Amino acid sequence: MLKKALAGIGAGALLLGAAACGSGDDSSGDDSGSGDGLVVGFAQVGAESAWRTANSDSVQASAEADDRIADLQFVDAQQDQEKQIEAVRNFITQRVDVIVLAPVVETGWTDILGEAEQAGIPVILADRGIEQADEDLYVTRLGSDFVEEGRKAGQWTVETFADDDSTRILELEGTVGSAPANDRKTGFYEILDSEGLSYDLVDSQSGDFTAEGGKSVMETFISTHGLDDIDLLYAHNDEMGLGAIQAIEEAGKVPGEDIQIIIVDGSKAGFEAAVDGKVNYIVECNPVFGDQLMDLVVDVAGGEEFDKFIAVEEGVYGEADFEAELPNRQF
Ligand code: GYE
């Protein structure tokens with residue numbers, strides 16, 4: 001309570017700072033609204049996937065269209081935590097009104113978020129989360145329920161392979177230590193175990209959420225284990241799944257038939273592969289939350305309180321939906 005009230009005062013006081021800095025500042029941002037709009041710093045993960053690019057576009061477009069936002073300072077951290085920490089430190093030095101952080105990994109944020117707190121600048125996590133021990137250091141997280149996404153993938157697996165003796169699984173994990181990699185794994189095996197599916201996790205490695213990573217890990221999987229005895233590939237995002245599909249085809253096998261494939265995100269490219277029969281199940285992860293984020297920024301700057309997690313809505317898509325859904329995809 002007290003902390004929230006202080007955060008509110010801090011943000012209010014900083015409006016004056018932002019106004020002062022808006023008039024003489026050297027940023028390329030639009031200063032037409034100088035003095036009566038918020039200055040927001042956004043430390044984005046990188047540009048590793050279609051999801052990420054759509055997310056950056058959504059946040060930037062929403063900020064630009066929003067009169068309540070004077071300037072969005074956008075930093076692409078190239079999947080590097082050090083660069084994100086540097087960006088946040090810069091935002092603190094500039095005394096922005098609100099910091100938005102999409103943390104590349106879950107740990108290692110205590111010091112820098114403590115500095116933001118000291119400076120009275122509220123922090124919103126967008127997309128990915130951080131470890132629970134640091135929960136007091138941010139106001140709320142707006143993003144997906146990654147454990148739930150993993151459960152959805154697990155549910156389909158249980159239903160699809162219920163009659164098999166033992167389902168042999170390969171897993172392509174996202175960035176090591178990231179919330180979606182940790183949680184998509186947790187939710188998936190939680191369901192397989194609780195539903196009593198008999199399975200064998202043949203191999204599981206990180207492809208860093210990139211197509212190149214997915215392809216090269218899949219090549220290693222194929223040379224180590226072959227593909228003849230593999231039933232399912234669970235890829236934590238579209239890019240890794242699409243990279244793996246290339247590797248499978250180059251090995252002379254038919255993705256979607258010789259090996260069933262689940263991907264998470266639901267980009268256009270992912271749906272196209274699904275329409276071609278190369279992907280069997282898509283768990284949606286929605287990156288288009290720029291408008292929702294701007295509302296949140298304004299409310300947080302005004303000192304409003306929120307639950308620690310605000311969920312973005314998302315669905316799942318099977319074979320019967322791929323064709324009809326493809327034209328609706330926004331990224
Ligand atoms: O699934 C993946 C991206 O954090 C939800 O990051 C995001 C994930 C998304 O690289 O494609």
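1. Helices (H or I, at least four residues) and strands (E, at least two) are DSSP runs, numbered from the N terminus. By this rule, Ser198 belongs to the loop between helix 6 (179–194) and strand 7.

2. The structure is a predicted model, in which local features need pLDDT of at least 70, side-chain atom pairs count only at pLDDT 80 or more, and totals for chains, interfaces and linings use all residues. Residues are numbered from 1 along each chain as its sequence is written, and side-chain values use heavy atoms, with hydrogens and water left out.

3. The chain as a whole. The secondary structure comprises 11 helices and 12 strands. Of the 331 residues, 53% count as buried; buried means under 20% relative accessible area, exposed over 50%, and partly exposed in between (1.4 Å probe, protein chains only). Among the contacts (heavy atoms within 4.5 Å) with a separation of 6 or more, 76% are between residues 24 or more positions apart. The chain exposes about 13,800 Å², with carbon and sulfur atoms supplying 46% of it. Accessible areas come from the Shrake-Rupley method with a 1.4 Å probe, and for residues only the protein chains shown count as cover.

4. Six strands form an open sheet of mixed pairing, in the order 7-6-8-9-10-12; two strands pair if DSSP finds at least two bridges between them. Strand 7 (199–206) and strand 12 stand at the edges with a single partner strand each, so one side of each has no neighbour in the sheet. Strand 10 and strand 12 pair in the antiparallel sense over two bridges. Ile282 has Tyr317 of strand 12 as its bridge partner.

5. Helix 9. In this helix (residues 268–275), the buried residues include Gly270, Phe271, Ala273 and Ala274. Seen down the helix axis, the buried residues of helix 9 fall within an arc of 155 degrees, so they line one face of the helix; the arc is that of the directions from the helix axis to the C-beta atoms. Their cover includes helix 8 (238–250), strand 9 (260–265), strand 10 (281–284), strand 12 (316–317) and helix 11 (322–325). Gly277, which follows helix 9, has a positive phi near 85 degrees.

6. The ligand. It is surrounded by 13 residues, of which the closest are Glu48, Asp127, Arg128, Asn237 and Asp265; a residue is near a molecule or strand if one of its heavy atoms lies within 4 Å of it. Polar contacts are pairs of N or O atoms within 3.5 Å; within protein, one must be able to donate a hydrogen and the other to accept it, and residues adjacent in sequence count only if both atoms are side-chain atoms. An oxygen atom of the ligand lies 2.8 Å from a side-chain N or O atom of Arg128, and a ligand oxygen atom is 2.9 Å from a side-chain N or O atom of Arg184. Ser49 has a polar side-chain atom 3.1 Å from an oxygen atom of the ligand. Taken alone, the ligand exposes 300 Å², and the protein buries 100% of that.

7. Most residues other than glycine have a negative phi. Asp127, one of the residues closest to the ligand, has a positive phi near 70 degrees. Asp127 lies in the loop between strand 4 (123–126) and strand 5 (140–143) and is buried, with a relative accessible area of 3%. Gln79 is not a glycine either, and its phi is positive at about 60 degrees. Gln79 sits in the loop between strand 2 and helix 3 and is partly exposed, at a relative accessible area of 21%.

8. Ser198. At 35% relative accessibility, Ser198 counts as partly exposed. Not counting residues up to four places away in sequence, Ser198 touches Asp165, Ser166 and Thr167. The side chain of Ser198 reaches the backbone oxygen of Asp165 at 2.6 Å. Phe161 is 37 residues from Ser198 along the chain, and their C-alpha atoms are separated by 9.0 Å.

9. Asp66 is located in the loop between helix 2 (50–65) and strand 2 (69–76) and counts as buried at 12% relative accessibility. The side chains of Asp66 and Arg68 are joined by a polar contact of 2.8 Å. Gln81 belongs to helix 3 (residues 81–94). A polar atom of the Gln81 side chain lies 2.8 Å from the backbone oxygen of Thr107. Leaving aside neighbours within four places in sequence, Gln81 is in contact with Val104, Val105, Thr107, Gly108 and Trp109.
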